[in-house]
Amino acid sequence: MATYHLQCFWGLLLAVSLYFIHTTSTSHVYIVYLGINQFHDPILTSKFHLQVLSDVFASEEDAKRSILYSYSNSFSGFSAKLNSSQATTLARMEKVVSVFRSKTLKLHTTRSWDFLGLALDDIEVTPLQFAYGHDVFVGIFDTGIWPESESFQEKPGMGPIPSSWKGVCVKGENFEPAKACNRKLIGARYYLKGFEQAYGPLNMSGNPEYRSARDFLGHGTHTASTAAGSIVKNASFFGIGQGTARGGAPWARVAVYKICWGKNRVGRCTEADILAAFDDALHDGVHVISASFGATPPLPPFFASSADIGSFHAMQLGITVVFSAGNDGPDPSLVQNVAPWSLCVAASTIDRTFPTEIVLDSNFSIMGESIISKEIKGKLSNAITYFVDGVCDSGNWKQKLATGKIVLCFYTPGLVYEMAQEAVKTAKGLGLIFAEPLTKPIADVEDTIPTLHVDISQGTIIGNYLAESPKLPVVKISPSKTIIGKSPAPTVVYFSSRGPSSISPDILKPDITAPGINILAAWPSQTPPTLKPSDGRFVKWNFLSGTSMSCPHVSGVVALLKSIHPEWSPAAIRSAIMTTGKKKMRKKMSSASPIPCYS
């Protein structure tokens with residue numbers, strides 16, 4: 001009899017152990033969302049979270065070791081390492097709204113403010129950007145910030161930080177709050193637990209990063225300066241795009257929340273870290289949140305997404321959250337960040353171009369588009385010489401070197417210019433002329449392979465000239481120029497993600513479009529402009545394109561509106577932005593009579 005009871009005891013103990021013990025091979029980071037904070041006390045809320053989590057662990061100590069974050073300031077929830085059985089058990093609890101696995105999101109990577117009508121040269125009245133914004137806090141969820149940039153220095157006349165601000169500057173690697181933060185940069189936090197659970201300890205060997213709010217990837221510095229950077233004269237990229245740089249609300253205060261980290265120089269943002277940033281930012285008192293990240297559809301339900309949960313609670317507190325729409329266009333239904341309570345921003349062009357002249361054998365020239373600061377001279381060569389079927393892809397390389405050659409490549413479905421760049425670089429080419437459909441040519445910061453973009457018809461002319469030449473023509477590519485006001489704009493860019501929403505088609509998304517092509521903004525002075533180790537250049541300003549760049553444009557406008565109308569709700573601000581346009585006058589070619597065009 002005693003033996004039977006002993007066997008039952010050990011059997012029960014084994015069953016309990018198998019239920020509670022989870023191994024690293026089967027556990028993942030999950031977010032457990034509990035809705036509104038019922039306790040209104042962070043300490044009590046965190047204790048409650050531990051109590052809930054302890055129900056699926058053998059002891060409270062095991063639960064403590066599992067937890068990453070307790071979201072206890074602005075809403076209620078926590079993130080922890082769980083196995084699927086534990087996650088399922090928690091999801092069945094009455095007090096739990098949702099349980100979902102923490103996924104990794106990706107980043108969506110000035111003349112633009114003049115184009116939008118916020119000029120600085122208005123002598124009749126004080127420009128809007130000068131008059132408002134002093135009392136607004138703009139939160140930037142991104143890769144951090146380069147605090148030494150002129151865009152984040154306090155300017156004469158900037159008053160003390162309003163007493164409503166509750167945020168802090170957190171000390172970290174190469175980030176000393178007493179030096180980095182000021183009346184302009186008023187907050188800096190970083191969140192790493194989710195990233196390290198997903199990718200292991202942050203490894204700086206061959207993977208430059210800072211264990212702090214300091215930015216290496218440059219994306220966060222760029223978006224922060226676009227939204228609310230201070231006014232800086234004579235900004236340019238090696239003389240290209242020269243002008244006065246500033247954010248949409250240059251007098252607004254900036255608070256950064258570093259939630260995206262470099263992995264092989266690519267930004268990765270985990271949902272556990274994102275929700276922790278929302279929890280802090282809402283408590284700190286931000287008025288606007290600018291977030292340029294997302295995930296390609298299929299989209300999860302609204303309350304199984306950290307961005308949608310965080311922005312929902314922000315909306316409840318009167319905080320407007322602005323998201324990027326994504327860079328998966330032009331196919332329909334790939335728009336991201338589609339929650340009805342936030343703003344979703346597409347990307348469009350501005351009226352600034354960078355024409356770059358190609359001269360063939362000194363006989364004739366064609367104008368392409370590029371961002372090239374030095375003259376390039378070499379022999380023009382056809383892609384078919386180096387690549388199977390003339391398709392410029394590294395997998396098609398014939399093992400023939402293109403040393404000293406500028407290679408003409410044509411777009412084919414599935415081939416993007418970055419692939420052609422890599423292929424020509426592999427072949428040791430000097431440069432690339434990439435011919436693509438008229439809607440696609442976009443100038444890009446010159447890489448180790450300078451690239452000039454032309455449309456298909458221009459590429460055809462160049463190709464025919466090459467075919468008829470008895471020997472390889474000499475091609476000279478001149479440094480790029482900056483031309484303003486000569487191109488039709490705005491037009492939505494081909495890569496900008498389109499609607500309708502794949503999860504809620506009745507809610508129209510994106511909400512608005514804003515400049516997202518070749519936006520010049522602040523850049524970390526110790527990060528090469530292309531991020532590539534082979535790029536030995538260092539700059540203070542850099543060009544980037546993407547809905548990541550259009551998003552902070554709208555965030556800056558929101559900051560101005562919030563300063564002018566502090567009583568307006570996020571819905572009122574969104575409505576004002578979506579229903580207000582600037583009337584532009586265009587002349588018909590056949591008549592002197594102007595016709596109205598609204599943008």
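**Entry 1: strand β7**

I started with β7, which is mostly covered: five of its six residues are buried. I call a residue buried under 20% relative accessible area, exposed over 50%, and partly exposed in between, with a 1.4 Å probe and protein chains only. Strands (E, at least two residues) and helices (H or I, at least four) are DSSP runs, numbered from the N terminus.

The model is predicted, so I kept local features to pLDDT of at least 70 and side-chain atom pairs to pLDDT 80 or more, while totals for chains, interfaces and linings use all residues. Residues are numbered from 1 along each chain as its sequence is written, and side-chain values use heavy atoms, with hydrogens and water left out.

Next I checked the partner of β7. β7 and β10 pair in the parallel sense over five bridges. Two strands count as paired if DSSP finds at least two bridges between them. Tyr190 has Lys258 of β10 as its bridge partner.

**Entry 2: the seven-stranded sheet**

Seven strands form an open sheet with parallel pairing, in the order β7-β10-β6-β13-β15-β16-β26. Its edges are β7 (185-190) and β26 (512-515), each pairing on one side only. On average, neighbouring strands are turned by 25° against each other, direction ignored. For such angles, axes are lines fitted to C-alpha atoms, for helices over the stretch in contact, and angles run from 0 to 180 degrees between N-to-C directions.

I then looked at β10 from its other partner. Strand β6 (residues 137-142) runs parallel to β10 (residues 253-258), joined by six bridges. Asp142 stands opposite Lys258 of β10. Helix α9 (residues 219-228) packs on this sheet and touches β6 and β10; its direction makes about 155° with that of β6.

**Entry 3: α9 against α14**

Which residues make the contact between α9 and α14? I looked at the geometry before the list. The two helices pack at an angle of about 35°, with their axes 7 Å apart. α9 passes α14 in a right-handed crossing. From α9 the contact uses His219, His222, Thr223, Thr226 and Ala227; from α14 it uses Ser548, Met549, Pro552, His553, Ser555 and Gly556. Contact here means heavy atoms within 4.5 Å. By the convention used, a crossing is right-handed if the near helix is turned clockwise from the far one by less than a right angle, and left-handed if anticlockwise. An α-helix has 3.6 residues a turn, so residues three or four places apart point the same way.

I also checked α14 (residues 547-564) for length. Its 18 residues should span 26 Å at 1.5 Å a residue, and the end C-alpha atoms are 26 Å apart, which agrees. The expected span is 1.5 Å times one less than the number of residues. Of those 18 residues, 16 are buried, so I noted α14 as mostly covered.

**Entry 4: the four-stranded sheet**

I moved to an open sheet of four strands, β2-β3-β1-β4, with antiparallel pairing. The edge strands are β2 (67-71) and β4 (98-101), each pairing on one side only. Neighbours in this sheet are turned by 15° against each other on average, direction ignored.

Four bridges pair β2 with strand β3 (residues 76-82) in the antiparallel sense. Ser70 stands opposite Phe78 of β3. Helix α4 (residues 84-91) packs on the sheet, touching β1 (28-35), β3 and β4, and its direction makes about 155° with that of β3. Helix α11 (residues 306-316) also packs on the sheet, touching β1 and β4; its direction makes about 25° with that of β1.

**Entry 5: strand β22**

Is β22 enclosed or open? Six of the six residues of β22 (residues 431-436) are buried, so the strand is largely enclosed by the rest of the structure. In a regular strand the side chains alternate between the two faces of the sheet. I found Gly431, Ile433 and Ala435 pointing one way, and Leu432, Phe434 and Glu436 the other way, all buried. Strand β21 (residues 405-410) runs parallel to β22, with five bridges. Ile406 is opposite Gly431 of β22.

**Entry 6: Ala423**

I picked out Ala423, in helix α12 (residues 417-426). Ala423 is buried, at a relative accessible area of 0%. Leaving aside neighbours within four places in sequence, Ala423 contacts Phe387, Cys392, Asp393 and Ser394. Cys392 is 31 residues away along the chain, yet its C-alpha atom is 5.8 Å from that of Ala423.

**Entry 7: totals**

I noted 15 helices and 30 strands. Buried residues are 54% of the 599 residues.
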